[in-house]
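Hi,

Here is the structure I said I would pass on. Have a look at it first, and my notes on what turned up follow below.

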Amino acid sequence: MGIASYIDHTLLKADATSSEIDRLVSEALMYSFHSVCVNSSWVSYVKMRIPEGNALKITSVVGFPLGAMSTEAKAFEAEKAITDGADEIDMVVNIGKVKEHDWKWVEDELLSMRSATEGHVLKLIFETCLLEKEEIVRLSSLAEKAGIDFIKTSTGFSKGGATVEDVRLMRSSVSPRMGVKASGGIRSYADALMMIEAGATRLGTSSGVKIVEEEKEK
């Protein structure tokens, strides 16, 4: 299986323009990436640009990048994104509640978001650079208990991105049925391979084209 099938081809910057989104979709179609990952306001626009019957998925981020919105706001954003055509939802956890170890609050939010996205892939973004190892392990367990499909390292907008150590820890904290998405700072084929070898089953990156071209050179 080629590296392209692991990649959510990503453009999440605040000043993204329609021409840049057009290029993102064109590249994703050309290289057969798993999905394009965009902010929720772009979902319907992207949907219109994917040929009917094409396997390319649409991933929308929710509660991005802070995770500090109310659960109700996150659920509404997720439901709207799905209505607009999103296949997968990447939601940022409420990091403050994790740091306070308010696990009941966190679990309730995860269950609410699982209900709001029923029938669609739901990924939980941890922002591992802000968490202790014990918090990563506990959050991984709660995510699996709530029926989340993937746990994801990072937004790429905080002080650090994916690390091999964090990916390996997340992978070892859940059963094989759960996916692990490494995201943030993956800029080369070597980076991508290290994350996959550590246990990542999906990669979020804006460097997908470069990574695939480097794979071809190998």
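The eight strands close into a barrel in the order β1-β2-β3-β4-β5-β6-β7-β8, and the pairing is parallel. From one strand to the next, the twist averages 25°. Bear in mind that this is a predicted model. In the chain as a whole there are nine helices and eight strands.

A quick reminder on how such sheets hold together: strands pair through backbone hydrogen bonds, in either a parallel or an antiparallel way.

β2 (residues 35–39) and β3 (residues 57–62) run parallel and are joined by five bridges, with Ser 35 opposite Lys 57 of β3. On to the next pair: β3 and β4 are parallel too, over four bridges.

How enclosed is β4 (residues 88–92)? Five of its five residues are buried, so the strand is largely enclosed by the rest of the structure. Glu 88, Asp 90 and Val 92 point one way from β4, while Ile 89 and Met 91 point the other way, and all of them are buried. β3 has five of its six residues buried, so that strand is also largely enclosed by the rest of the structure.

At the other end of the strand order, β7 (residues 179–183) and β8 (residues 202–205) pair in parallel over three bridges. Ser 183 has Gly 204 of β8 as its bridge partner. Helix α9 (residues 208–217) lies across β1 (7–11) and β8, and runs at about 140° to β1.

Now the packing. The largest nonpolar core has 72 residues, and Leu 110, Leu 124 and Leu 203 touch the most other members. Leaving aside neighbours within four places in sequence, its contacts include Met 91, Val 93, Leu 110, Leu 139 and Ala 143. Ile 148, Phe 150, Ile 151 and Lys 152 are also in contact with Leu 124.

Thr 128 sits in the loop between β5 and α6 (133–145). Is Thr 128 buried or exposed? Its relative accessibility is 2%, and the cut-off for buried is under 20%, so Thr 128 counts as buried. Not counting residues up to four places away in sequence, Thr 128 touches Ile 136, Thr 153, Ser 154, Gly 161, Asp 166 and Met 170.

Last, some whole-chain numbers. A compact globule of 218 residues would have a radius of gyration near 17 Å, and the chain's 16 Å agrees with that. Its C-alpha trace spans about 45 × 35 × 30 Å along the principal axes. Buried residues make up 54% of the chain. Among contacts with a separation of 6 or more, 68% are between residues 24 or more positions apart.

Cheers

Key: Residues numbered from 1 in each chain as written. Predicted model: local features only at pLDDT ≥ 70, side-chain atom pairs only at ≥ 80, totals over all residues. Heavy atoms only, no water. Pairing = 2+ DSSP bridges. Helix = DSSP H or I, 4+ residues; strand = E, 2+ residues; numbered from the N terminus. Axes fitted to C-alpha atoms, helices over the stretch in contact; angles between N-to-C directions. Contact = heavy atoms within 4.5 Å. Buried < 20%, exposed > 50% of the residue type's maximum accessible area, 1.4 Å probe, protein only. Core = buried A, V, L, I, M, F, W, Y, C linked by side-chain atoms within 4.5 Å. Rg over C-alpha atoms; globule rule 2.2 N^0.38 Å.
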